[in-house]
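Take a moment with the sequence and the model before reading on. The paragraphs below go from the whole chain to single residues.

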Amino acid sequence: MPHLALYTFGTLKSPLVDPAPLTEEFYDIGATVYQEISRHPGYLAHAEAADGERGVLFEADWGAWGEFAVPAWYGKGRTRETTALAATLSLWTGLSPAVDAIYTGLHRQALTRRHDWVERTEYPNYVTWWVSDGAIPTWRDGVSRLEHLHDHGAAPHAFTFHHSFAPDGTAARAGSIGPKSDRVR
């Protein structure tokens, strides 16, 4: 049975190593959100660096999740001192469990504050797609799918919760969920 891959990306207003209160708050909330989501029914795994030092993403060892990558539109730094991005890559048993986890609980609360930490852009901030059972999506897969979503709109290859597809490529309905800001074309 296929699994749902979810890649999120946002450009932060300040570097990850910035000691400012908002950056600290972003980290604190993020850690709590990950704890809650990892216990959610339908959650399978997420990319974690083996050497997860704060601000180190590009040089980290991500194991089976592959080399860290970002969309072409990311224009801030790539060093420990200058990296200003938030990215996640996760795997789910299906569309409904992912939607439920994203739009409820602590993650929902964090979404309402996302623009305190993340810059507003014309680009989509997440993408979903189906992977074969046992497959681990890579960071490059996520970037490629996010860029495809931006360039071509939702399709079975790369889609959003609002414009989703079943594993067989037919249109799927995830219900009335979350903010309408993920609508692409």
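Two residues are in contact when heavy atoms lie within 4.5 Å. Among contacts in the protein chain between residues at least 6 apart in sequence, 72% join residues at least 24 apart. This is a predicted model, where local features need pLDDT of at least 70, side-chain atom pairs count only at pLDDT 80 or more, and totals for chains, interfaces and linings use all residues. Residues are numbered from 1 along each chain as its sequence is written, and side-chain values use heavy atoms, with hydrogens and water left out.

Start with the overall layout. The protein chain holds 5 helices and 6 strands. Both are DSSP runs, numbered from the N terminus: helices are H or I with at least four residues, strands are E with at least two. Along the sequence the order is β-α-β-β-α-α-α-β-α-β-β.

Next comes size. The radius of gyration of the protein chain is 16 Å, which agrees with the value near 16 Å for a compact globule of 185 residues. That radius is taken over C-alpha atoms, and the globule rule is 2.2 Å times the number of residues to the power 0.38. Along the principal axes, the C-alpha atoms fill a box of roughly 45 × 35 × 30 Å.

How much of the protein chain is buried? Buried residues make up 43% of the 185 residues. Buried means under 20% relative accessible area, exposed means over 50%, and partly exposed lies in between (1.4 Å probe, protein chains only). The protein chain exposes about 9,200 Å², and carbon and sulfur atoms supply 52% of that area. Accessible areas come from the Shrake-Rupley method with a 1.4 Å probe; for residues, only the protein chains shown count as cover.

Charge is next. The protein chain carries 16 positive and 22 negative side chains. The centres of the two sets lie 9 Å apart. Lys and Arg count as positive, Asp and Glu as negative; His and the chain ends are not counted. Each charge is placed at NZ of Lys, CZ of Arg, CG of Asp or CD of Glu.

Now go to single residues. S14 sits in the loop between β1 (3–11) and α1. Is S14 buried or exposed? S14 counts as buried because its relative accessible area is 18%. Its side chain makes a polar contact with the side chain of T23 at 2.8 Å. Another polar contact joins the side chains of S14 and D18 at 3.4 Å. A polar contact is a pair of N or O atoms within 3.5 Å; within protein, one must be able to donate a hydrogen and the other to accept it, and residues adjacent in sequence count only if both atoms are side-chain atoms. Leaving aside neighbours within four places in sequence, S14 is in contact with T23 and A84.

Helix α1 covers residues 21–38 and includes A31. A31 is partly exposed, since its relative accessible area is 40%. S96 is 65 residues from A31 along the chain, and their C-alpha atoms are separated by 23 Å.

The loop between β2 (43–46) and β3 (85–92) holds A50. A50 is exposed, at 65% relative accessible area. A60 is 10 residues from A50 in sequence and 7.1 Å away, C-alpha to C-alpha. R80 also lies between β2 and β3. R80 is partly exposed, at 33%. Its C-alpha is 5.2 Å from that of V56, 24 residues apart in sequence. Beyond four places in sequence, the contacts of R80 are V17, E53, R54, G55 and V56.

Finish at T160, in the loop between α5 (139–152) and β5 (164–165). T160 is buried, with a relative accessible area of 1%. Its side chain reaches the backbone nitrogen of H163 at 3.1 Å.
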